[in-house]
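Here's a quick briefing to read alongside the structure. Take a look at the picture first, then work through the points below.

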Amino acid sequence: MATTGLPESISSDLSRVTQSLQMLAPRWNVWVLMTLSQKPLRYREIKSALPWLPDGQLHPRLGKLVESGLLERTEFEPQDVLYGLSVRGRELLPVLGVIATWGGKHLEKETVLDPATGHKVPKAVPRAQDVEDTIALIAPRQATPILWALRIRGTSSAKALAATAMPDRHLTNVYEPLNRLAEDFLVAKDREGRVELTAAGRDLAPVYRALSAWAAGAPLTEAASHPVWAPEPAQPRDRPAMWATTQPRIPAVPTTQTRATWKPGDLFFSDTTTVIRPAGAAATGGRTR
């Protein structure tokens, strides 16, 4: 378990959540799980549903998911194997639904022309892709501890944040994950150089509540009482996000967004560049998968 400056009970919860994210993070794992969401399938049926995955990629993923306890494997003959969700795998499906909802709301999508109206609309994205892309933002090392620390501390200096999220590491180690979270528009800095969650970062609350409940083996109905991510009073929302015309799968950003840059040797974010995004303009500078 990674060391944090958080209370032991919260650190244990955080550790379970980060381990769950690491289990789901490998590419195509979510696609495999959601392909099996309706009923067990034989290997050849899974391969047919995911034709872009060659045997050399699909077979190891199925094996890892069986080892992790999310899938069950029944072999009738060497060439006749049935895969289905385990009890734990079925319990995970509502959690994946919560993650997909966040992705559908916050991740930028390419726009396409609606033949019925002639207007540009966000391109439909499979729910499995929304889940996978959302997990890609919060699964990297230190991303989730930093987000949890910010949720607890509120607006915070980088030094205080590093002491809370990674007290056993040199404070310069906070630069890279903070840069990544800023690029993904999950965190931002205020005029005094302090770090805070964006609206998209705050909206991760249902995601973390659901992951926490599942990781602890508790019903999702008990998730609302989470000590860190419990629902908070309504707050003024950030400006509505503009859908981009290209598809960097990062959280959609307000029309005006301050981009923070973190450099070794600084205790705060350095000077920033304000990026103006008129309605319909393509987002730039985002990471792609």
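Predicted model: local features only at pLDDT ≥ 70, side-chain atom pairs only at ≥ 80, totals over all residues.

**Around Val207**
- You'll find Val207 in helix H11, which covers residues 205-215.
- Setting aside neighbours within four places in sequence, Val207 is in contact with Val98, Ile99, Trp102 and Ile138.
- Thr134 sits 73 residues away from Val207 along the chain, yet their C-alpha atoms are separated by 9.7 Å.

**Helices H5 and H6**
- Helix H5 (residues 87-106) packs with H6 at an angle of about 85°, and their axes are 8 Å apart.
- On the H5 side, the contact is made by Leu96, Gly97, Ile99, Ala100, Trp102, Gly103 and Gly104.
- H6 brings Arg127, Asp130, Val131, Thr134, Ile135 and Leu137 to that contact.
- Sort the residues of this contact between H5 and H6 by type and you get 7 nonpolar, 4 polar and 2 charged.

**The sheet**
- 3 strands make up an open sheet in the order S1-S3-S2, with antiparallel pairing.
- S1 (41-42) and S2 are the edge strands, each pairing on one side only.
- Helix H4 (residues 55-67) packs on the sheet and touches S2 and S3, and its direction makes about 120° with that of S2.
- Strands S2 (residues 71-77) and S3 (residues 80-85) pair in the antiparallel sense over 6 bridges.
- S2 and S3 also form a hairpin, with 2 residues between them.
- Arg42 has Leu82 in S3 as its bridge partner.

**Gln142, a residue in a loop**
- Gln142 lies in the loop between helix H6 (127-138) and helix H7 (143-153).
- Is Gln142 buried or exposed? With 8% relative accessibility, Gln142 counts as buried.
- Leaving out neighbours within four places in sequence, Gln142 is in contact with Ala165, Met166, Arg169 and Pro177.

Note on methods: Residues numbered from 1 in each chain as written. Heavy atoms only, no water. Helix = DSSP H or I, 4+ residues; strand = E, 2+ residues; numbered from the N terminus. Buried < 20%, exposed > 50% of the residue type's maximum accessible area, 1.4 Å probe, protein only. Contact = heavy atoms within 4.5 Å. Pairing = 2+ DSSP bridges. Axes fitted to C-alpha atoms, helices over the stretch in contact; angles between N-to-C directions. Nonpolar A, V, L, I, M, F, W, Y, C, P; charged D, E, K, R; others polar.
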